[in-house]
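Please walk through the model below, one region at a time. The text starts with a single helical residue and then turns to the domains, the sheets and the ligand.

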Amino acid sequence: MQTEKEKEGDASVEEYVALSNFTGSSSDQLCFSSGDRLLVHAKPSSEWWWAELHGVRGYVPTSYLRQDAAAEEEEDEHTSLEDQWQDEEYFGSYGTLRLHLEMLSDKSRTEAYRKVIVSNSASLRSKVVMDLGCGTGIISLFCAQLAQPSEVYAVEASSMAEYTRQLVKQNGCEQVVTVLQGRAEEIELPKQVDVLVSEWMGNCLLFEFMVESVLLARDRWLKEGGVMWPSSAALTLVPCQANSYYAEKMAFWEQPYGLDFTPLQPLAQQEFFTKPKFSHVIEPDDCLTAPCDVLCLDMYTLQVKDLEEIKGQFHFCVEKSGIFHGFTSWFTVHFESLETGGATVELNTGPNSQPTHWKQTLFMLDRPVSVYAGDSISGTILLRRNSIWRRHMTITLHWSINSSKKETDNCQVGTKSFPMWR
Ligand SMILES: N=C(N)NCC[C@H]1O[C@@H](n2cnc3c(N)ncnc32)[C@H](O)[C@@H]1O
């Protein structure tokens, strides 16, 4: 129901750009295409705004909108670089034990780093190592305990660094490990390093964009011919079923206690399926096709500017009929050996490996689609870094489903943008 204000619209009309296509599911919702410039007249809720396109007014979902460049410029002036990284909140969260306990309790992750040190212990002798974002210093302690590097610089920006120094002393590693408190981009190391090791991966590989700090440290502190651990990273995608999640968040409204609550389903779609779902556990049987690496990052050549927009393509062949609810992503990183020809160590966060604290990330479509063995799903994925909130990004998926049934030439296409988180 439109209020008077929504009908007239208030004076402060703001222009927004549509991030992707939207097909309204009721008469009072606007339909628009990616790139359309919408005039927002009223913001009655955080999820739905009252907007105008080509003279027609209606509700639009806020998650599909981005402030236009001019407005973004203006906001830019009021957002200092510091705020854009949300460092106070970010490093504040790493100053407490919660996240460090989660990471240390992740055996798959932590043992993978230990395996890297153990399998390269001979080559690490007399080497200089930088552990970027060392947290409690676990990787630095592995280096000092399981190998004989000459120096390990354990760099940590949060207040945890004070405790890390105590842990280094407590474990008799202070001869080798030096803890430096500060942002890796800002601190001074006594010398260049032979190895830059870091556990920087976020949800969907890049969230938090700590990888930028790793690249800046590489360019400034890694010796010519030095080694990056991880050496490479890949983001993997697979079209999947998500029956229990769909039942829990959408089907639920069909007949709760014998009543018909389906008018709430557009809100449920907006509230539960607009953003990616972190910590999703996909069962191998939920995969409708073989997974595909859609992005591959070489940590020696990747540049900070490359992080603004990263694009990948995919082509999936449906192996078994099922319901295409969405896409699931995970990542894998590789640690090359310090010895030429030595064994590479892999940390895989996918459904066929030991579980990790990242689990997987689920991207739900607005509406599920039945697919059949022999169909194919092809398209692109675009990770676009947020130009204001530097730890955030938007993931846009475009896909087309090509039916294997010869008589129907139906090719269903779809696109959806998922803010993570702004
Ligand atoms: N997703 C992750 N692996 N997060 C690990 C982040 C750890 O690295 C620390 N960290 C992140 N960025 C930086 C940086 N630029 N400089 C120093 N420490 C950092 C952070 O305080 C935490 O202890």
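**A residue in a helix**

T110 is in contact with M103, L104, I138 and F142, once its neighbours within four places in sequence are left aside; contact means heavy atoms within 4.5 Å. The model is a predicted one, in which local features need pLDDT of at least 70 and side-chain atom pairs count only at pLDDT 80 or more, while totals for chains, interfaces and linings use all residues. Residues are numbered from 1 along each chain as its sequence is written, and side-chain values use heavy atoms, with hydrogens and water left out.

T110 belongs to helix α6, residues 107–119. Helices (H or I, at least four residues) and strands (E, at least two) are DSSP runs, numbered from the N terminus. With a relative accessible area of 10%, T110 is buried. The classes are buried for under 20% relative accessible area, exposed for over 50%, and partly exposed in between, with a 1.4 Å probe and protein chains only. The side chain of T110 also makes a polar contact of 3.0 Å with the side chain of R109. A polar contact is a pair of N or O atoms within 3.5 Å; within protein, one must be able to donate a hydrogen and the other to accept it, and residues adjacent in sequence count only if both atoms are side-chain atoms.

Another helix, α10, covers residues 211–221 and is mostly covered, with eight of its 11 residues buried. Those buried residues are V211, E212, S213, V214, L215, A217, R218 and W221. An α-helix has 3.6 residues a turn, so residues three or four places apart point the same way.

The protein is divided into domain 1 (4–67), domain 2 (92–199) and domain 3 (233–420), with bounds that come from an automatic or database domain assignment. Taken over C-alpha atoms, the centres of domain 1 and domain 2 are separated by 49 Å.

Two strands pair if DSSP finds at least two bridges between them.

Strand β1 (residues 14–18) runs antiparallel to β2 (residues 37–42), and four bridges join them. One side of this pairing can be followed from E14, whose bridge partner in β2 is V40. Three bridges join β1 to β5 (residues 65–67), again in the antiparallel sense, and here A18 has L65 as its bridge partner.

Two loop residues go with these strands. C31 lies in the loop between β1 and β2 and is partly exposed, at a relative accessible area of 46%. Not counting residues up to four places away in sequence, C31 touches F22, T23, G24 and L53. From C31 to L53 the C-alpha distance is 8.8 Å, although 22 residues separate them in sequence. S63 lies in the loop between β4 (56–61) and β5. Is S63 buried or exposed? S63 counts as buried because its relative accessibility is 12%. Beyond its neighbours within four places in sequence, S63 is in contact with L19, Q270, T274 and P419.

**The four-stranded sheet**

A second open sheet has four strands in the order β14-β18-β19-β20, with antiparallel pairing. The edge strands here are β14 (309–317) and β20 (411–420), each pairing on one side only. The twist from one strand to the next averages 15°. Within this sheet, β18 (residues 376–385) and β19 (residues 393–402) pair in the antiparallel sense over 10 bridges. L382 stands opposite T396 in β19.

**Around the ligand**

Which residues come nearest to the ligand? Of the 19 residues around the ligand, these are E156, A184, E185, E199 and M201, where near means that a heavy atom of the residue lies within 4 Å. A backbone N or O atom of E199 lies 2.7 Å from a nitrogen atom of the ligand, and for M201 the corresponding distance is 2.9 Å. A polar backbone atom of A157 is 3.2 Å from a nitrogen atom of the ligand.

Methods: Axes are lines fitted to C-alpha atoms, for helices over the stretch in contact, and angles run from 0 to 180 degrees between N-to-C directions.
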